[in-house]
Amino acid sequence: MDFTGKVVIITGGSSGIGADAARHLAKLGASVAIIGRNEQRLNAVAEQIIQAGSPKPLQIVADITQDAERIINETVNHFGRLDVLLNNAGIVIADSVIGFDVANFDRILNTNLRGAMILTSLAVPHLEKTNGNIVNISSVAGIKALGMYTSYCISKAGLDQFTKCAAITLGPKGIRVNSVNAGLIRTPIFNTIGVTDADVEQFFEARSKDYLVGRVGEVSDTSSAIAYLASAPFITGILLPVDGGSLCNGQFSAPVD
């Protein structure tokens, strides 16, 4: 796959799935704009990209729930075009219908769904010029429910429907829209909420039995899928599970963006 000359916006680009996607696409020749709220982590990802010999990324410290227009404008002003929008930013909060917290629900929906919808709408005029495409990072939880992550599941199910609706609407404009529905992916998210490395490894080891490939996912697994969907001209409107066979196995663990 060759992304030379392509410009890619990656939200949630400071860690995990987004950071690895930025490194991977940059290696394939893309000019990437990495978006995140933590400047220090964005700097670290940018340095990794540069050290690998890839083009210097554009770093935008921003919150997608508030700064969508600035994200699009700064990227297009800097690179002169936009070819791929990767809607990756997302949050996970455990909740259920018992003790339902409206504030947490709003926070999850604003980040995981509303932000992606607004960014997509703003990106359309630029993607139409380049016959570009959109990749949304969803979850197996958008396909099969997890009662203890009710609001998260709702947000990802909504994102899946948005993927399909947008594919229908934007197809005539030459814009493809697809989704990666990730299973449990090994990212730093547990460490950021205070879980020890030992406990994280124990959790991943315990959950590996749910996966037909015998392990939980790595960020390289999602990056490969993202690059494929972003470069496959005859694929649009699909939800691609990158889940190690967990859905086929009838089980899956709490996903992590």
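Let me begin with a term that we will need in a moment: a crossing of two helices is called right-handed if the near helix is turned clockwise from the far one by less than a right angle, and left-handed if the turn is anticlockwise. Please keep in mind that what you see above is a predicted model.

With that in hand, look at helix H1, residues 16-27, and at how H1 passes helix H2, which is in a right-handed crossing. H2 covers residues 39-51, and the two helices pack at an angle of about 25°, with their axes 10 Å apart. Angles under 35 degrees count as roughly parallel, and therefore H1 is described as roughly parallel to H2. On the H1 side the contact is made by Ala 19, Ala 22, Arg 23 and Ala 26, which meet Val 45, Gln 48 and Ile 49 in H2. Sorted by class, this contact holds five nonpolar residues, one polar and one charged.

Now turn to the other partner, helix H8, residues 219-231, whose axis comes within 9 Å of that of H1, the two crossing at roughly 55°. H1 and H8 are therefore oblique to each other, and their crossing, too, is right-handed. Here Gly 16, Ile 17, Asp 20, Ala 21, His 24 and Leu 25 in H1 meet a set of H8 residues, namely Val 219, Ser 220, Thr 222, Ser 223, Ser 224, Ile 226 and Ala 227. By class, the contact of H1 with H8 has six nonpolar, six polar and one charged residues.

Terms used: Residues numbered from 1 in each chain as written. Predicted model: local features only at pLDDT ≥ 70, side-chain atom pairs only at ≥ 80, totals over all residues. Heavy atoms only, no water. Axes fitted to C-alpha atoms, helices over the stretch in contact; angles between N-to-C directions. Helix = DSSP H or I, 4+ residues; strand = E, 2+ residues; numbered from the N terminus. Parallel < 35°, antiparallel > 145°, perpendicular 65-115°, else oblique. Contact = heavy atoms within 4.5 Å. Nonpolar A, V, L, I, M, F, W, Y, C, P; charged D, E, K, R; others polar.
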